[in-house]
Amino acid sequence: MGLMVVGVLIGTFIAHVVCKRLLTAWVAAKIQSSEKLSAVIRVVEGGSGLKVVALARLTPIPFGLQNAVFSITDLSLPNYLMASSVGLLPTQLLNSYLGTTLRTMEDVIAEQSVSGYFVFCLQIIISIGLMFYVVHRAQVELNAAIVACEMELKTSLVKGNQPNSSGSSFYSKRTLTFSGGGINIV
């Protein structure tokens, strides 16, 4: 388990630094054309950043895309590593558990018993079910955080206030583009 955590930290660190150094301009250009990704950036740079990163790691969104998107935020590297590690922990624990306890097909075939096949199939079904449940819950929470941020942005725009950037430089570094309900603000 310790080796797994160290491997996750090293891999996440390298991916984040490489994306931050090499892909920042390209990712920023692509994100401006996507309202959903722009909302994710606003949420990450707001108060829910750690939660969003951790939940995103539980979803089936490709890690390469996640690394690229999160690398352009102002989330500090230690916080990013912590949130990523926490978010990856359930999946890594499940993988570790399955790797150490799941019977191999060779063991089941060699034993040739109905109970062996039953236990093997039951472990597979429980694992798949648990994976789908965790992914579903993470997607629901992530979508709720994005909707809450969008509602806050709409409310602040309707009141005529500037969006609350919470000390982040997303709004100052990039052009804020919001399209919704017939309102286009650049």
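The structure is a predicted model, in which local features need pLDDT of at least 70, side-chain atom pairs count only at pLDDT 80 or more, and totals for chains, interfaces and linings use all residues. Residues are numbered from 1 along each chain as its sequence is written, and side-chain values use heavy atoms, with hydrogens and water left out.

The protein chain holds nine helices and two strands (DSSP runs numbered from the N terminus: helices are H or I of at least four residues, strands E of at least two). Read from the N terminus, the order is α-α-α-α-α-α-α-α-α-β-β. Of the 186 residues, 35% count as buried, that is, under 20% relative accessible area with a 1.4 Å probe, protein chains only.

Helix H3, residues 35-45, is mostly covered, with eight of its 11 residues buried. The buried residues of H3 include Ser38, Ala39, Val40 and Ile41, and Arg42 and Glu45 are also among them.

Turning to helix packing, H1 (residues 2-22) meets H5 (residues 63-71) at an angle of about 60°, their axes lying 8 Å apart. Axes here are lines fitted to C-alpha atoms over the stretch in contact, and angles run from 0 to 180 degrees between N-to-C directions. Ala15, His16, Cys19 and Lys20 of H1 are in contact with Asn67, Ala68, Phe70 and Ser71 of H5, where contact means heavy atoms within 4.5 Å.

Methods:
Buried < 20%, exposed > 50% of the residue type's maximum accessible area, 1.4 Å probe, protein only.
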